Amino acid sequence: MIYIYKLLNNPKGSAAMLAIIGMLFLGIIGAAYATLASSNVTSSSRVRDDIAAQYLAEAGAQWAIAQLTANPNYVTAGFTSPIKNAGTATAGTYTVTITQNPDNTTAIKSIGRVNNSISRTVALQAKPGSGSSDTVKGDVFTKYTAFATKELVIDNIPTIIGDVGTNTLITPQNTGKPVRGASYAPNVLLPSAWNYSAVANGYHYANPAGTLTISIPKLPAIPDMPTKNDLIASGATNLASITGTTTLPGGTYYYDGYANLSNRIFKATTGQSIKIYIYGSMQSENLSISGENITIYASGSITLNNNTSIQTNNNGTLNIYAGNYIQLTNNPLISGTNITIQSQKNITLDSTSSINKNPLPNSTFIMYAQDTIQITNYALINSENVLIQTNGKINFNSDNTSINKDSSSAINKIYANDDIQFTNKFKLGGKAGLVVTNSSLNLNSDIKAPNAIFVGGKDSTVTNNADICGIYVIGKLTINSAPKINEVNSKSTILQSLTSGTGSSSPEIISWSNK
């Protein structure tokens with residue numbers, strides 16, 4: 001204190017002290033400006049990330065709308081997108097949940113996240129679109145059990161419970177009493193062997209007898225696969241370095257080249273999601289993968305063989321995409337509440353392949369392919385909502401091959417642009433089914449689909465003890481041998497169940513809010 005007093009009373013000391021005080025003052029001011037500048041930078045970064053997160057959330061909402069356009073019954077407990085803007089300051093993802101409400105509306109929630117810290121949420125309420133793009137249209141479904149725009153040929157001893165109709169000519173052949181209803185047509189050809197009383201309620205003139213159009217929804221495009229460089233830049237892990245039994249942290253993994261993932265067990269950390277991108281083809285035997293949400297994407301083919309098991313937990317989402325064919329054979333199991341399998345080529349389920357061994361409530365299974373879809377040799381599918389669609393052919397056959405054979409509540413929709421064949425005791429169960437093709441239907445050899453309606457765009461055949469609810473064809477329809485076409489009492493329920501979601505019109509947005 002004495003020193004400071006002397007310093008202040010000394011002219012030279014006073015100047016030095018003032019200089020020190022001035023320097024301290026300038027230091028304080030400088031520190032304040034530095035803090036302010038840093039705060040401004042942080043604030044600018046926060047604003048940038050907020051905007052990026054909002055864009056990601058809106059992108060997720062648009063993704064949800066696209067899924068609901070393709071399938072209005074689509075649900076997911078949490079789909080997380082591949083990393084967007086990888087390698088930049090605004091790299092991030094969106095996570096979407098889609099829930100079907102009891103009042104026939106749909107709740108959509110999309111969360112955009114940037115740098116794993118900043119998030120923004122978009123919440124939507126939607127209802128089925130009212131557009132005119134229904135898969136099938138016409139008055140024939142409520143009027144007839146069987147209908148053809150061209151000749152309707154009834155041969156041998158089928159059982160047709162309900163009315164039949166054609167816009168050209170009905171040709172009853174052989175004897176018996178197959179039609180337990182009335183016939184409507186502009187013309188009737190009665191061979192000498194035909195018993196007029198075979199049509200229980202007689203022949204009636206109708207010109208035309210009915211209308212029928214087909215408009216199958218456009219097959220959704222397969223999602224984009226991120227580039228390997230983008231994944232590496234975003235911190236993805238090379239799966240080639242992981243072997244044996246491993247608990248995988250939630251995150252993204254990649255494999256460069258042909259991936260043989262046999263005899264491995266990958267378990268995601270509880271509550272975590274994993275994504276595996278393979279830049280080549282994938283093959284597995286005795287592979288086990290489990291987690292909350294799982295995405296597997298191969299640029300080449302995917303073969304899941306010999307007891308391979310891929311399962312999601314807690315209403316998670318499982319997505320399997322391939323740039324080439326997908327084949328499940330020799331007892332693989334794919335299990336989950338929300339499953340999508342999509343291929344740029346063929347899809348085959350063979351040799352006791354299983355999509356859910358048992359029915360799961362509120363579950364959805366979607367299968368898309370550009371080429372042929374084949375289900376055969378004891379393969380089975382169980383899911384509350386099934387949508388199968390291809391631009392190619394569909395071939396379902398073999399005893400004990402089935403879709404929802406033990407379900408009384410499932411809804412099945414099957415679309416193809418080329419021929420559809422059900423044969424050899426194939427079973428299609430559930431509450432209601434709609435099978436539509438722009439080409440021909442061939443249903444034979446004891447197939448069982450008593451609650452399914454079939455619609456063909458070209459000449460079609462039902463034969464050999466097939467059991468279906470109804471068939472409607474743009475072209476010639478031949479009903480031969482001893483099939484059963486049964487206009488069951490629940491047909492109105494079937495039609496009502498199929499009304500929602502048979503088209504590709506976009507959902508109508510009721511509300512949209514940002515949080």
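How many nonpolar, polar and charged residues make up the lining of the second largest pocket? View 1 has the answer, but first a word on the model. It is a predicted one: local features need pLDDT of at least 70 and side-chain atom pairs pLDDT 80 or more, while totals for chains, interfaces and linings use all residues. Residues are numbered from 1 along each chain as its sequence is written, and side-chain values use heavy atoms, with hydrogens and water left out.

**View 1. The second largest pocket has a volume of about 550 Å³.** Its lining takes in 21 residues, and those closest to the centre are Ile 83, Thr 93, Asn 116, Gly 251 and Lys 275. Strands β2 (92–100), β17 and β20 (273–279) each give the lining of this pocket at least two residues. As for the opening question, the lining has four nonpolar, 15 polar and two charged residues. (A pocket is an open set of points on a 1 Å grid with protein on both sides within 12 Å along at least five of seven lines; lining residues have an atom within 4 Å of a point.)

**View 2. The largest cavity holds about 60 Å³ of space.** It is lined by Phe 79, Thr 80, Pro 82, Pro 223, Asp 224, Pro 226, Tyr 277, Thr 295, Tyr 297 and Tyr 321. The elements giving two or more residues to this lining are β1 (76–80) and β23 (293–298). Sort the lining by class and you get seven nonpolar residues, two polar and one charged.

**View 3. Asp 256 and Lys 228 join their side chains in a salt bridge, 2.9 Å from N to O.** Asp 256 sits in strand β17 (residues 251–256) and Lys 228 in helix α4 (residues 228–233), so the pair ties together parts that are 28 residues apart in sequence. (A salt bridge puts a side-chain nitrogen of Lys or Arg within 4 Å of a carboxyl oxygen of Asp or Glu.) By this rule, the structure has four salt bridges. Asp 256 is partly exposed at 48% relative accessible area, and Lys 228 is partly exposed at 26%. (Buried is under 20%, exposed over 50%, partly exposed in between, with a 1.4 Å probe.)

**View 4. Lys 427 and Asp 399 meet in a salt bridge at 3.8 Å, N to O.** This pair links distant parts of the chain, 28 residues apart: Lys 427 is in strand β40 (residues 427–428), and Asp 399 is in the loop between β36 (394–396) and β37 (402–403). Lys 427 is partly exposed, with a relative accessible area of 26%, and Asp 399 is partly exposed too, with 32%.

**View 5. Lys 143 makes a salt bridge with Asp 139, their closest N and O atoms 3.5 Å apart.** Lys 143 counts as partly exposed at 34% relative accessibility, and Asp 139 is partly exposed with 29%.

**View 6. Val 47, Ile 51 and Tyr 55 make a nonpolar patch on the surface.** (Patch residues have over 30% relative accessible area and no salt bridge, with nonpolar side chains joined within 5 Å and like charges within 9 Å.) Tyr 55 belongs to helix α2 (residues 11–70). At 58% relative accessibility, Tyr 55 counts as exposed.

How values were computed
Helix = DSSP H or I, 4+ residues; strand = E, 2+ residues; numbered from the N terminus. Areas by Shrake-Rupley, 256 points an atom, 1.4 Å probe, with all protein chains shown as cover. 1 Å grid on protein atoms, 1.4 Å probe; cavity = no way out; pocket = protein on both sides within 12 Å on 5 of 7 lines; lining within 4 Å. Points joined across faces, edges and corners; volume = space filled by probe spheres on them. Nonpolar A, V, L, I, M, F, W, Y, C, P; charged D, E, K, R; others polar.
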